[in-house]
Amino acid sequence: CDAFQKRIPNTDVLSAIGIAKLSIITNAFIVAVTSEFLPRLLYQHRINPYQNLTGFVDYTLARANVSELKNPPGDSSDYLDYNTTSNYTYNVCRYFGYRDENNELTRFYYEYLTVALAFVIVFEHVIFALVNFIAWIVPDVPSELKLRVKREAYLGKVALREKAVEEIDGGGTVAVL
């Protein structure tokens, strides 16, 4: 059973490295897609001439004209006929989305997707560089252990030399150093 286990390579370390890289990329996508950091930054520097966030919320809300909504064919109820309802006064519904009056995606949406993809690439490269830099700084083997291994190798060579000298001399004692 021990021989079988020695023949199988240890893939735990390799899979852990792959999972770590995958988690970095996943986190970069989560930050890029779910946070409002990138849309705010893009709005502040590309859209608003005053370089601030004034009007950002209004800019991110699309408009839907609800006065144009009609009942489905064959439905005689008037639940969507807002013009006949006396207490309804709104003709426009606002919702989150980067769409224009024709319900088409705006140029800002595509710029945001481009910035988000660039953010993912830059973020993961910075994190990978940082991880590699830290791995380069921190040694795999502590210096004290390296010194012990070198000392053991040296003592092994000395012992082999002494044994070789004893065999040549015929059992006499010889000091080697």
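Visitor: Are Arg148 and Glu144 buried or exposed?
Guide: This is a predicted model, in which local features need pLDDT of at least 70, side-chain atom pairs count only at pLDDT 80 or more, and totals for chains, interfaces and linings use all residues. Residues are numbered from 1 along each chain as its sequence is written, and side-chain values use heavy atoms, with hydrogens and water left out. Burial is judged by relative accessible area (buried under 20%, exposed over 50%, partly exposed in between, with a 1.4 Å probe and protein chains only). On that scale, Arg148 and Glu144 are both exposed.

Visitor: How far apart are the N and O atoms in the salt bridge of Arg148 and Glu144?
Guide: Both residues lie in helix α6 (residues 143–169), 4 residues apart, or about one turn of the helix; helices (H or I, at least four residues) and strands (E, at least two) are DSSP runs numbered from the N terminus. A salt bridge requires a side-chain nitrogen of Lys or Arg within 4 Å of a carboxyl oxygen of Asp or Glu. For Arg148 and Glu144, the N to O distance is 3.0 Å.

Visitor: In what pattern do the helices and strands follow one another along the sequence?
Guide: The protein contains 6 helices and 2 strands. Read along the sequence, these elements give the pattern α-α-α-α-β-β-α-α.

Visitor: Which residues are linked with Glu111 in a network of salt bridges?
Guide: Side chains of opposite charge can pair when their charged atoms come close. Another salt bridge of Glu111 has its closest N and O atoms 2.9 Å apart, and it joins α5 to helix α3 (residues 37–47), so parts that are 65 residues apart in sequence are tied together. The residues networked with Glu111 are Arg46 and Arg107.

Visitor: How are α3 and α5 oriented to each other?
Guide: Their axes (lines fitted to C-alpha atoms, for helices over the stretch in contact, with angles from 0 to 180 degrees between N-to-C directions) come within 10 Å and cross at roughly 120°. Angles under 35 degrees count as roughly parallel, over 145 as roughly antiparallel, 65 to 115 as roughly perpendicular and the rest as oblique. The orientation of α3 and α5 is therefore oblique.

Visitor: Which residues make the nonpolar surface patch of about 660 Å²?
Guide: Patch residues have over 30% relative accessible area and no salt bridge, with like charges joined within 9 Å and nonpolar side chains (Val, Leu, Ile, Met, Phe, Trp, Tyr) within 5 Å. Areas come from the Shrake-Rupley method with a 1.4 Å probe, and for residues only the protein chains shown count as cover. One of the members is Ile134 in helix α5 (residues 107–137), partly exposed at 46% relative accessible area. The patch is made by Leu130, Phe133, Ile134, Trp136, Ile137 and Val138.

Visitor: How far apart in space are Thr60 and Tyr95?
Guide: Thr60 belongs to helix α4 (residues 56–60) and is buried, with a relative accessible area of 5%. Thr60 and Tyr95 are 35 residues apart in sequence, whereas their C-alpha to C-alpha distance in space is 8.4 Å.

Visitor: What percentage of the residues count as buried?
Guide: The protein has 177 residues. The share that counts as buried is 14%.
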